[in-house]
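Please walk through this model in a viewer, one selection at a time. Each stop says what to select and what is there.

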Amino acid sequence: MIDEPTITVRHVASVGWQVLLDGDQWHTCRKEQDARYIAHHVLIAQAVLSGERAGMEVARELEEAAAMVGHQIGECAARRLMKQAAVRARE
């Protein structure tokens with residue numbers, strides 16, 4: 001059984017909006033919208049990998065999200081998951 005990552009968004013008064021990426025690694029985002037965007041696309045990626053979603057449109061959406069994550073965060077588990085799911089969505 002594969003452990004599903006927990007995706008959580010939180011606001012820390014002295015820091016700002018954060019999204020949980022790799023178990024216990026929190027990434028601070030510039031805006032709440034960015035944190036929720038990342039969390040949302042990780043959930044879409046999980047749905048693709050579980051067979052619940054597929055298609056070219058989903059693949060393009062995940063590729064766009066992965067590019068944004070790469071730009072803001074760099075390589076991380078969330079980005080790898082989105083890229084893997086984009087490939088699967090195209091199959």
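A residue counts as buried when its relative accessible area is under 20%, as exposed when that area is over 50%, and as partly exposed in between. The model is predicted.

**Stop 1: Arg 60**

Select Arg 60, which is found in helix 2. Its relative accessibility is 44%, so Arg 60 counts as partly exposed.

**Stop 2: helix 2 against helix 3**

Stay on helix 2 and bring in helix 3, residues 77–90. The two axes come within 8 Å and cross at roughly 160°. Angles over 145 degrees count as roughly antiparallel, which means helix 2 is roughly antiparallel to helix 3. The crossing of this pair is left-handed.

To see the contact, select on helix 2 Met 56, Val 58, Ala 59, Arg 60, Leu 62, Glu 63, Ala 65, Ala 66, Val 69 and Gly 70. On helix 3, select Arg 79, Met 82, Lys 83, Ala 85, Ala 86, Ala 89 and Arg 90. Arg 60 from the previous stop is one of the contact residues. Coloured by class, the contact of helix 2 with helix 3 shows 11 nonpolar residues, one polar and five charged.

**Stop 3: the loop between helix 2 and helix 3**

Select Glu 75, placed in the loop between helix 2 and helix 3. With a relative accessible area of 45%, Glu 75 is partly exposed. Leaving aside neighbours within four places in sequence, Glu 75 has contacts with Arg 80 and Lys 83. Lys 83 also belongs to the helix 3 side of the contact with helix 2.

**Stop 4: helix 1 against helix 2**

Show helix 1, residues 32–49, together with helix 2, residues 56–72. Their axes lie 10 Å apart and the packing angle is about 135°. That angle makes helix 1 oblique to helix 2. This crossing is left-handed.

From helix 1, pick Asp 34, Tyr 37, Ile 38, His 40, His 41, Ile 44, Ala 45 and Val 48. From helix 2, pick Val 58, Glu 61, Leu 62, Glu 64, Ala 65, Met 68, Val 69 and Gln 72. In this contact of helix 1 with helix 2, 10 residues are nonpolar, three are polar and three are charged.

**Stop 5: His 41**

Beyond residues up to four places away in sequence, His 41 touches Glu 61, Leu 62, Ala 65 and Met 82. For a distance check, select Arg 30 as well: 11 residues along the chain from His 41, with 17 Å between the C-alpha atoms.

**Stop 6: helix 1 against helix 3**

Keep helix 1 and show helix 3 with it. The angle between them is about 45°, and their axes are 9 Å apart. Helix 1 is therefore oblique to helix 3. The crossing is left-handed.

The helix 1 side of the contact consists of Ile 38, His 41, Val 42, Ala 45, Gln 46, Val 48 and Leu 49. The helix 3 side consists of Ala 78, Leu 81, Met 82, Gln 84, Ala 85, Arg 88 and Ala 89. By class, the contact of helix 1 with helix 3 holds 10 nonpolar residues, three polar and one charged.

**Stop 7: the cysteines**

How many disulfides does the structure hold? It holds zero. Select Cys 29, which is in no disulfide; the nearest cysteine sulfur belongs to Cys 76, 10 Å away. A disulfide needs the two sulfur atoms within 2.5 Å. Cys 29 has 5% relative accessibility and counts as buried. Cys 76 is likewise in no disulfide, and at 3% relative accessibility Cys 76 counts as buried.

**Stop 8: Gln 25**

Finish at Gln 25, in the loop between strand 2 (16–20) and strand 3 (26–29). Its relative accessible area of 36% makes Gln 25 partly exposed. Not counting residues up to four places away in sequence, Gln 25 touches Val 19 and Leu 20. Leave Cys 76 selected from the previous stop: the C-alpha atoms of Gln 25 and Cys 76 are 9.9 Å apart, with 51 residues separating them along the chain.

Notes
Residues numbered from 1 in each chain as written. Predicted model: local features only at pLDDT ≥ 70, side-chain atom pairs only at ≥ 80, totals over all residues. Heavy atoms only, no water. Axes fitted to C-alpha atoms, helices over the stretch in contact; angles between N-to-C directions. Helix = DSSP H or I, 4+ residues; strand = E, 2+ residues; numbered from the N terminus. Parallel < 35°, antiparallel > 145°, perpendicular 65-115°, else oblique. Left-handed = near helix turned anticlockwise from the far one by under 90°. Contact = heavy atoms within 4.5 Å. Nonpolar A, V, L, I, M, F, W, Y, C, P; charged D, E, K, R; others polar. Buried < 20%, exposed > 50% of the residue type's maximum accessible area, 1.4 Å probe, protein only.
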